[in-house]
Every structure is written in C-alpha cells, then in structure tokens.
Amino acid sequence: MVRIRVLVVDDHRIFAESLAAALAAEPDVDVAAAGSGPAAMRCLERAAAEGRRFDVLLVDADLGALTAPGAGASAGQAAARTAAPGARGSVQGVQSVPGARTASASHPASEADNGTGGAKAVEGAVDGISLVAGVRSGQGGVRAVVLAEKDDPRRAALALQAGASGWVAKDCSLQRLLAVIRGVLRDETYVAPALLTGVLRELTAARKHRTESERLVESLTPREREVLRCMVAGLGRKAVAERLFLSPHTVRTHMQNVLGKLGVHSTLAAVALARRAGVGPADLAGDVVERGGQLA
C-alpha cells in the first residue's frame with residue numbers, strides 16, 4: 001500500500017491535533033502537525049533530509065493570527081484561545097475527537113511537538129499563503145491545500161498563485177478533505193464550485209495587472225532594470241552606487257527615470273510593480289556586475 005504523508009499546519013492546537021488524529025485513522029495516511037510556519041518548514045526540511053518527504057501540506061489560511069499580536073505568548077495561552085468559544089471552525093467529523101494527540105504512524109511525538117515535549121512553539125507569525133509560497137519554492141514536490149474559514153475569492157486566487165493545489169472550507173466533511181488530498185496527488189486542483197467564478201475573475205485581473213507591469217518594465221534600459229532589481233533587494237542609493245560602480249548622482253538619475261517610466265511616485269510603488277511583473281531582487285551574494293557605463 002502506498003502511504004500518503006500529510007503535515008497539518010495550524011496554530012489552533014486542538015483543531016490541528018484532532019484533524020491529524022482523524023486523518024491518521026485512514027489505513028494509507030501518516031500524519032503529523034506543526035503549530036507555526038517556521039515549525040512546519042523545519043519539519044519539512046527534516047523529513048526531506050531523512051528521505052521521508054511529506055506529500056501534502058494542509059495549512060490554515062489564517063496561520064499566525066493567534067501569535068501575531070504577541071509573539072512571546074505562551075503555548076498554554078495559545079491553546080486556551082484555541083479552546084475558547086468562537087474559535088475557528090473544524091472539519092466535520094473531527095471536532096468530536098476528545099483530547100486527541102497529534103498522530104503519526106512512524107513519528108508520533110517528535111514532529112508534532114517540534115522537540116518541545118508537547119508544548120507548541122510560538123514563533124514569529126507567518127501567514128498561510130506565505131508559507132505555501134515558501135514551500136513551493138523550496139520543496140516543489142509537496143502539494144499544498146489551504147484550509148479556510150470562509151469563502152474568499154481574492155485570497156483563494158492568491159493561494160493558487162502562490163502554488164496551492166486547493167482551497168477548502170474548514171467546515172467540509174472529512175471524506176471531502178480526503179478526496180481533495182488524494183486528488184491533488186493526481187495533480188488536480190480543487191476550488192469549491194461556488195468560488196470558481198470569483199477566483200477566475202481575480203486570476204484574470206491579476207494577469208491583466210501583471211501584463212501591464214511587464215510592459216512598463218520592458219520600457220526600461222538594461223541599466224535601469226539592474227537599478228530596479230537593486231531597489232527590489234532593498235538597497236538604498238549609496239549601496240546601489242557602490243554595487244554598480246556608479247556615482248550617487250548617476251544612481252539618483254537612474255532611479256528617477258525608473259519611477260517616471262513605471263508611472264509611480266515612490267520606491268515602494270516601484271518595487272510592488274516590479275514584483276507583479278516578476279522582477280526578482282539583485283543577487284547580492286554573487287555581487288558580479290559590469291563596470292562603468294556598459295549597461296547605461
């Protein structure tokens with residue numbers, strides 16, 4: 001029997017452990033849970049290093065909402081908020097698992113507890129969609145499914161753009177969730193029919209904005225594009241000048257030209273437009289540039 005390895009990532013401990021226990025009851029599923037984005041990345045990296053990669057990541061769309069106001073909050077406080085009335089919903093058929101521990105057929109404690117002896121590590125907030133993007137870039141073989149409390153076409157579209165294979169309501173049935181898990185492993189993408197029209201509209205609009213952004217970036221000279229990449233990397237005028245072997249005055253002129261051609265009035269707006277166009281940051285590690293005005 002081919003086993004499916006699933007990692008549940010949710011900062012609501014009761015929900016995460018209950019869902020993991022319910023999934024582990026399936027004969028072909030091994031499952032573990034993590035309580036934060038950084039913990040999930042450590043778990044994925046450790047599993048990959050040990051040759052037992054996860055197949056599917058189930059990640060809370062609102063990951064980090066509990067810990068964002070105070071990253072130093074204790075695990076007990078986080079768990080208490082999870083158990084409080086009005087806490088976020090759960091997959092049907094899961095909430096009835098009383099006092100469930102996170103289950104994994106091969107590693108029941110080490111992955112679930114993240115080496116803390118049962119205490120959930122509360123770290124810097126990482127939202128679910130950002131985690132999906134990070135996993136997509138670092139571990140492309142892992143399929144990600146986002147679990148959400150409510151229908152939100154815009155966020156669902158963002159999740160798909162980040163590399164998610166599905167957007168599933170948290171109040172869906174366990175059998176539906178299992179069907180989605182098995183479906184994404186066949187390279188299927190799942191979005192609820194009620195969301196489909198809105199998601200397609202959002203994706204079409206995003207593509208339109210990207211196309212316009214790409215057209216504007218293409219109007220830049222090679223040197224201006226290099227300056228833009230330095231701006232995306234967060235370099236200031238002096239740092240850009242040192243990197244490109246130019247005078248600060250020349251860099252200032254290039255930056256003004258970049259803003260003018262892109263039709264924006266600030267560096268932040270230029271960086272946002274560059275990101276939409278798919279422009280990445282300059283490779284600061286390599287630090288190989290052409291001297292003089294060869295690219296001007």
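A salt bridge here is a side-chain nitrogen of Lys or Arg within 4 Å of a carboxyl oxygen of Asp or Glu. With that in hand, welcome to the close-ups. This is a predicted model, in which local features need pLDDT of at least 70 and side-chain atom pairs count only at pLDDT 80 or more, while totals for chains, interfaces and linings use all residues. Residues are numbered from 1 along each chain as its sequence is written, and side-chain values use heavy atoms, with hydrogens and water left out.

**View 1. Glutamate 226 and arginine 243 pair up between two helices.** The two side chains meet in a salt bridge at 4.0 Å, N to O. Glutamate 226 sits in helix H9 (residues 222-232) and arginine 243 in helix H10 (residues 237-244), so to speak two distant parts of the chain, 17 residues apart. Helices (H or I, at least four residues) and strands (E, at least two) are DSSP runs, numbered from the N terminus. Both partners are buried, meaning under 20% relative accessible area; exposed is over 50% and partly exposed lies in between (1.4 Å probe, protein chains only).

**View 2. Aspartate 30 meets arginine 3.** Their side chains form a salt bridge of 2.9 Å, N to O. Aspartate 30 belongs to strand E2 and arginine 3 to the segment before E1, 27 residues apart. Aspartate 30 counts as buried at 9% relative accessibility, whereas arginine 3 is partly exposed at 36%.

**View 3. Glutamate 50 and arginine 52 form another salt bridge.** Here the N to O distance is 2.4 Å. Glutamate 50 is partly exposed, with 46% relative accessibility, but arginine 52 is buried at 16%. Elsewhere, Asp10, Asp60 and Lys170 are linked in a network of salt bridges. The count for the model comes to 13 salt bridges.

**View 4. The largest nonpolar core has 32 residues.** Such a core is a set of buried Ala, Val, Leu, Ile, Met, Phe, Trp, Tyr and Cys residues joined through side-chain atoms within 4.5 Å. Those with the most contacts inside it are Leu7, Val9, Leu57, Val59, Leu131, Val146 and Trp167. Among the elements that each supply at least two residues are strand E1 (4-9), strand E3 (56-60), helix H5 (128-138) and helix H8 (193-218). A second, separate core of 26 residues includes Leu216, Leu244, Leu262 and Val271. In soluble globular proteins, nonpolar side chains tend to be buried together.

**View 5. Leucine 57 and its surroundings.** Contact means heavy atoms within 4.5 Å. Leaving aside neighbours within four places in sequence, leucine 57 is in contact with residues including Leu7, Val9, Leu44, Leu131 and Val135. Val142, Arg143, Ala144 and Val145 are also among its contacts.

**View 6. Alanine 148 in strand E4.** Which residues does alanine 148 touch, not counting those up to four places away in sequence? They are Ala61, Trp167, Val168, Ala169 and Lys170. Alanine 148 is buried, with a relative accessible area of 2%.

View 7. Among contacts between residues at least 6 apart in sequence, 77% join residues at least 24 apart.
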